[in-house]
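Please look through the sequence and the structure shown below.

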Amino acid sequence: MATYEDIYGKRVKEFATDPTLTSSYEGQVWYDKSTGVLKSVVSFAAWSSTSNMVNALARPQGAGTTSAGLSMGGQDGSDTKLTVTEEYNGTGWSLGGSMPAAKSDHAGAGTQTAAFAAGGSPYLNSAYNYNGTSWSGIPNIGTARQKFAGCGTTTASLVFGAQVPGSPPQGGQTEEYNGSSWSEQNDLGTARAKLAGCGTQTAGLGFGGYQPSLPSNPKQKAQTEQYDGTSWSEVSDMITATSGGGGAGTQTAAIAFGGNTPSLTTATQDWDGTSWTTSPVTLGTAAGNVGGAGTNTSALSIAGYAPSVTSNVEEYNISINTITAAAWAAGGSISTVRTNVGSTSEGSQTAAMVWGGRTGPPPSGPFTSNKSDTYDGSSFSTAPNLNTASRTRSGGGTTSAAWCAGGTSPTYINSTEEFNGSSWTSVTNAPLVFFASGTGAQTAGLIVGINSDVDNPGGSDAYPGISLEYDGTNWATGGSPSADRTSAGCSGTQTAGTLISGQNAPGTSPGGSLVTTIEEYNGSSWTSGGASVVAAKELQAACRGTQTATLITGGNINPPAAGITSCSIYDGTSTATTASMGTGRRGHGSDGGPSSGLVMTGQSSGPPANNNPNYTANAEEFTAATTAIASKTLTTS
């Protein structure tokens, strides 16, 4: 028998510990002296959680790949059909162009920049193409239907299966689209709805599905059929009959996952062009009526019922890499819980500071706090008090060089303070009274999203529509954002800052509305940036990082007034979802950024109030997604 050296021209090396692994180690074998086993780098299959979608929904249609995925339409928890389109960049989800009309239970396929959607509930025949930005109408399909499958491209589309009005409600109708018109083709051999599909117009694959039948026969179907561009032929059945499951791949290499058996399942099944096998790996959460996209080695399971509508997405990969999803973990608890706090902006997950805020509970007071606390990555420590108690004290800096300005106490103030690592000192007052958002270093601070009653003392709030700059000694007026708004988030520096979401000023159109707008500052003027995935307010100290890498956390979408768990990352161009926090927050502090972020205290639920039970004391710590090559122990099995 040939030896390893005969085959590879190399001897098996010995290591005291695993070497630093690269892709060059794939297939190579070494001996781990510390454990006495042979190891290698080999491909393995796994499902892993990835960032949630912007919307919780079921019955969407998926398209694209795991690095450029697409979800089209669907329905929410109240069964309302949706026009929403979401795009996946391999890490998180962002909103795409809305569909011309709401759809769920429709067929579709393609890529993120060239997809089609046809039919849908309730018994639609409308069809559209997506170009990566917007949707446009194409000719209607010939048979109005819902709960069917599709594959192919925008110029070579294939749809098959059906639930139609009348009896029997399930059908096998098949249609092709050539870029200008639809034509009816030979039906599936087994009429059914809620089936999955993949492949191309001339090499399609349909599997699973649903067909009410005699009580002795299951409603879920295991039949698999192949399409050759003219007709369907039945091939080997699935191992487990499913309906409403996801599918991805080609006619000769596919994957099926999730669905109903009739109970929700986590099962994954592999197709090699001849037969199905049950995969040893399963979805992390059983889900049905999911969207599917990708290939048999790299796929997405999108949203669905689990058992209620969900925004969860899982990614399947066969590779040499171990993927660890982004996640939040509980940190230490603060001794004085509060909301509407300020926090450092240039610190880190292991060196951050939070100050001021609103306390309670009523009817006792005071409702504003002079407390400040530092966080070291595991616990909070009480720091010296502010000189002026106030809530919504914007600012930034680090734990050894922090600054804060403005706030409400309970009326608006212009007080400015600096922290040197041991005490707070009152310094030059700001030129107006306000509460706002702040970022930047102690010697280069930026204030934006200003809410002030200086023009109308004691009356309605005024939004001067300017930004302020602080150099550690003096204040100056900076550039004006395009729209007056408040309760926004901000991140970055004085010469490369952001203004994120917030609430439009009264008197603007539409006044008081929440927006997703992001603007960017270059030290003198503001310009349009991307858009946030969620319109929210109470973000003053909830967005931290650089102008091209900002972690946006929580906020208030009002209604409901509860703090939300949603988080996203802005890359200077677009915003995509990332892992959600364990606890909804608004008016909270934060620091760090997309690689290792931190949130501190804030209000978790309830209406605006000085209500301690609705505040959260604990910090949460964010760890970004990682991909690493993993070694496997070789065995004889």
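Is Asp-373 buried or exposed? Asp-373 has a relative accessible area of 2%, and because buried means under 20%, Asp-373 counts as buried. The model is a predicted one, and the values here are computed from it.

Asp-373 has a charged partner. Its side chain meets that of Arg-338 in a salt bridge, at 2.8 Å from N to O. This pair links distant parts of the chain: Arg-338 sits in the loop between S29 and S30, while Asp-373 belongs to strand S32 (residues 372–375), 35 residues apart. Arg-338 is buried as well, since its relative accessible area is 0%.

A search of the whole structure finds eight salt bridges. One of them is formed by Glu-225 and Arg-192, whose closest N and O atoms are 2.8 Å apart. Glu-225 is part of strand S19 (residues 224–227), and Arg-192 is in the loop between strand S16 (182–185) and strand S17 (196–199), so this pair ties together parts that are 33 residues apart in sequence. Glu-225 has a relative accessible area of 1% and is therefore buried. Arg-192, at 0% relative accessibility, counts as buried too.

Another salt bridge joins the side chains of Glu-620 and Arg-585, with 3.1 Å from N to O. Here the two parts tied together are 35 residues apart in sequence, because Glu-620 lies in strand S54 (residues 618–623) and Arg-585 in the loop between strand S51 (575–578) and S52. Both ends are buried: Glu-620 has a relative accessible area of 4%, and Arg-585 has one of 0%.

How many strands does the open sheet with the order S29-S54-S53-S52 have? The sheet has four strands, and their pairing is antiparallel. At its edges are strand S29 (327–333) and strand S52 (589–591), each of which pairs on one side only. On average, neighbouring strands of this sheet are turned by 20° against each other, direction ignored. Strands of a sheet pair through backbone hydrogen bonds, in either a parallel or an antiparallel way. Between S52 and strand S53 (residues 598–600) there are three bridges, in the antiparallel sense. Ser-590 stands opposite Val-599 in S53.

Gly-347 is found in the loop between strand S30 (342–343) and strand S31 (352–355). Not counting residues up to four places away in sequence, Gly-347 touches Gly-397, Thr-398, Asp-591 and Gly-592. Asp-591 falls within edge strand S52 (589–591). Is Gly-347 buried or partly exposed? With 25% relative accessibility, Gly-347 counts as partly exposed. The C-alpha atom of Gly-347 is separated by 24 Å from that of Thr-573, and these two residues are 226 residues apart along the chain.

Two hairpins come next. In one, strand S36 (residues 416–419) runs antiparallel to strand S37 (residues 424–427), and four bridges join them. Thr-416 stands opposite Val-427 in S37. Four residues lie between S36 and S37 in this hairpin, and Gly-421 in the turn has a positive phi of about 100°.

The other hairpin joins S5 to S6 through four residues. Strand S5 (residues 61–64) pairs with S6 in the antiparallel sense over four bridges, and Met-72 in S6 is the bridge partner of Gln-61. S6 is also joined by four bridges to strand S7 (residues 85–88), and these two strands run antiparallel. In this pairing, Gly-69 stands opposite Tyr-88 in S7.

Which residues of strand S6 (residues 69–72) point one way, and which the other? In a regular strand the side chains alternate between the two faces of the sheet. In S6, Gly-69 and Ser-71 point one way, Leu-70 and Met-72 point the other way, and all are buried.

Leu-634 is in the segment after strand S56 (632–633). Its relative accessibility is 37%, so Leu-634 counts as partly exposed.

Methods. Residues are numbered from 1 along each chain as its sequence is written. This is a predicted model: local features need pLDDT of at least 70, side-chain atom pairs count only at pLDDT 80 or more; totals for chains, interfaces and linings use all residues. Side-chain values use heavy atoms; hydrogens and water are left out. Buried means under 20% relative accessible area, exposed over 50%, partly exposed in between (1.4 Å probe, protein chains only). Contact means heavy atoms within 4.5 Å. Two strands pair if DSSP finds at least two bridges between them. Axes are lines fitted to C-alpha atoms, for helices over the stretch in contact, and angles run from 0 to 180 degrees between N-to-C directions. A salt bridge is a side-chain nitrogen of Lys or Arg within 4 Å of a carboxyl oxygen of Asp or Glu.
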